[in-house]
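Subject: Structure handover

Hi,

Here is the structure I promised to pass on. Please open it alongside this note.

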Protein chains: 2
Amino acid sequence: MLKYEKVAKQIEQYITDNQLSQGDKLPILDELTEQFKVSKSTIIKALDILELRGMIYQVRGSGIFVRQQKRKGYINMAESRGFKESLREFDLTSKVMALKLIKPDSHLMEQLDLEEDDEVYLVKRVRYIEESPFCIEYSYYSKKHVMYLNQEIAEDSIFTYIMNDLKLNIGFSDTFFRISYLNEGEAGHLELKENDPALRVETTYYLHNGQPFNYSILLYHKDQAQFFVPGTHY
Amino acid sequence: MLKYEKVAKQIEQYITDNQLSQGDKLPILDELTEQFKVSKSTIIKALDILELRGMIYQVRGSGIFVRQQKRKGYINMAESRGFKESLREFDLTSKVMALKLIKPDSHLMEQLDLEEDDEVYLVKRVRYIEESPFCIEYSYYSKKHVMYLNQEIAEDSIFTYIMNDLKLNIGFSDTFFRISYLNEGEAGHLELKENDPALRVETTYYLHNGQPFNYSILLYHKDQAQFFVPGTHY
């Protein structure tokens, strides 16, 4: 992690620790520089990142303010670490329905930039929030990046395993979504009726070097899932 | 607009003009500096912005690459200028159903940071894409910021009017969404059936100084609306 990214995280922690909310003022630049013991340019870069992430806003000649219109239980869709980050106050569990190595079809080859001979881990899970069905997940991991997966890992957090054990650097993600409808099997898993609506969320995750390593389709329970997106104007 | 914001827009234009797509390499830093005739630090800042916006990715020691997993017809939800920006290739029209000054209720007072005596413009529109109903919009503009609105402006782009005529600086937005259901009247406007699902998108827009000036609720047609969110990992 670069120094300014670390400082950005520390400022974020400072906001949490001090329970600052929308409109609250942060210390001035000089005080931040002193507090975090880094150069002014590092603080400026960290603040720019936090601004673009929707955590703060800077008003020239007036100060730095907290922007935290977060609502509890909403998934931040611009967060590329999966929804566990947004829902850390909740009890999240997974039931693994399938875990196997498959050959990619042409759509998957395109999404994950694969050759015909490459292999892919397919993980199908039902995910629960506070023991209620929350979403169905079909997730495809390119084996050339995620070389090993097992049931135990899939029952826990695959992304944590990827970052902490495989030491892969997740860079960015592209998410596309729309309303879709459940088939009979999907409805059963979510304890809903066939043809009930769901939010169908399709994401490709990339490593820092731009290589895609995961493609997933999630079908969210219509009443359980709520989402948040911070927007910034340029 | 600050210099690096202008350069960011120019680089974006360069990507469009040269029809660059996902994974294509941009000129190296020195060439960009020469091409846009600005300092190296301005280019670096412009590239940082484009990276955080999901337009490019930078791989240390390897170069700057285009990240453009855009799909035509998808609304970028992290774009705080409303959906017109994402859908500029399409014919978008609006029918104004109501335009009036109202007193805010307590929810609106909270969203727009208003006092009891403040007034709010309510604009209700049905919006069409290629002449098909696309969404119903209930939009509330704080009169202390948007001092005047009329039918003609509401039939066109209110945000363009706000930026170009009122010279207000739009800063950021907070968007919350979930699946909801249409009542009879709403279904009629969207040419759907009562209780059909819709994507209910609630957004508060803020000026650069952090003051909220607009709060809106949009109900999107279940089959017409598709969305995109770029995610960045920190």
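Below is what I found, starting with how to read the numbers.

This is a predicted model, in which local features need pLDDT of at least 70, side-chain atom pairs count only at pLDDT 80 or more, and totals for chains, interfaces and linings use all residues. Residues are numbered from 1 along each chain as its sequence is written, chains are lettered from A and ligands numbered from 1 in the order in which they are written, and side-chain values use heavy atoms, with hydrogens and water left out.

The two chains

Chain B can be laid on chain A with an RMSD of 0.1 Å, by a turn of 180° and a shift of 0.0 Å along the axis. The two copies are therefore related as by a two-fold rotation axis.

Rings between the chains

Rings of Phe, Tyr and Trp (its six-membered ring) pair if their centres lie within 6.5 Å; planes under 30 degrees apart are stacked, over 60 edge-to-face, and the rest tilted. The count is 25 aromatic pairs over all chains. One of them is A:Phe177 with B:Phe177, stacked at 4.9 Å centre to centre and 5° between the planes. A:Phe177 lies in strand 7 of chain A and B:Phe177 in strand 7 of chain B (residues 170–181 in each), so this pair joins two chains. Both residues are buried (under 20% relative accessible area; exposed is over 50%, partly exposed in between; 1.4 Å probe, protein chains only). Ring pairs also link A:Phe177 and B:Phe177 into a cluster, with members including A:Tyr220 and B:Tyr220.

Strands

Strands are DSSP runs (E, at least two residues), numbered from the N terminus. Two strands pair if DSSP finds at least two bridges between them.

Strand 7 of chain B is mostly covered, with 10 of its 12 residues buried. It pairs with strand 10 (residues 226–232) of chain A in the antiparallel sense, over six bridges. There, A:Pro230 has B:Asp174 as its bridge partner. Strand 7 of chain B also runs antiparallel to strand 8 (residues 197–207) of chain B, joined by 11 bridges.

Strand 6 (residues 132–142) of chain B has 10 of its 11 residues buried, so it is largely enclosed by the rest of the structure. Strand 5 (residues 120–129) of chain B runs antiparallel to strand 6, with 10 bridges. B:Leu122 is bridged to B:Tyr140. Strand 6 of chain B also pairs with strand 9 of chain B, antiparallel, over seven bridges. Here B:Tyr140 stands opposite B:Tyr215.

Is B:Lys222 buried or exposed? B:Lys222 is buried, at a relative accessible area of 15%. B:Lys222 sits in the loop between strand 9 (212–221) and strand 10 (226–232) of chain B. Its side chain makes a polar contact of 3.1 Å with that of B:Asp223.

B:Gln58 is partly exposed, at 27%. The side chains of B:Gln58 and B:Glu51 make a polar contact (2.9 Å). A polar contact is a pair of N or O atoms within 3.5 Å; within protein, one must be able to donate a hydrogen and the other to accept it, and residues adjacent in sequence count only if both atoms are side-chain atoms.

Best wishes

Methods: Helices (H or I, at least four residues) and strands (E, at least two) are DSSP runs, numbered from the N terminus. Copies are superposed by least squares on the C-alpha atoms of residues with pLDDT of at least 70 in both.
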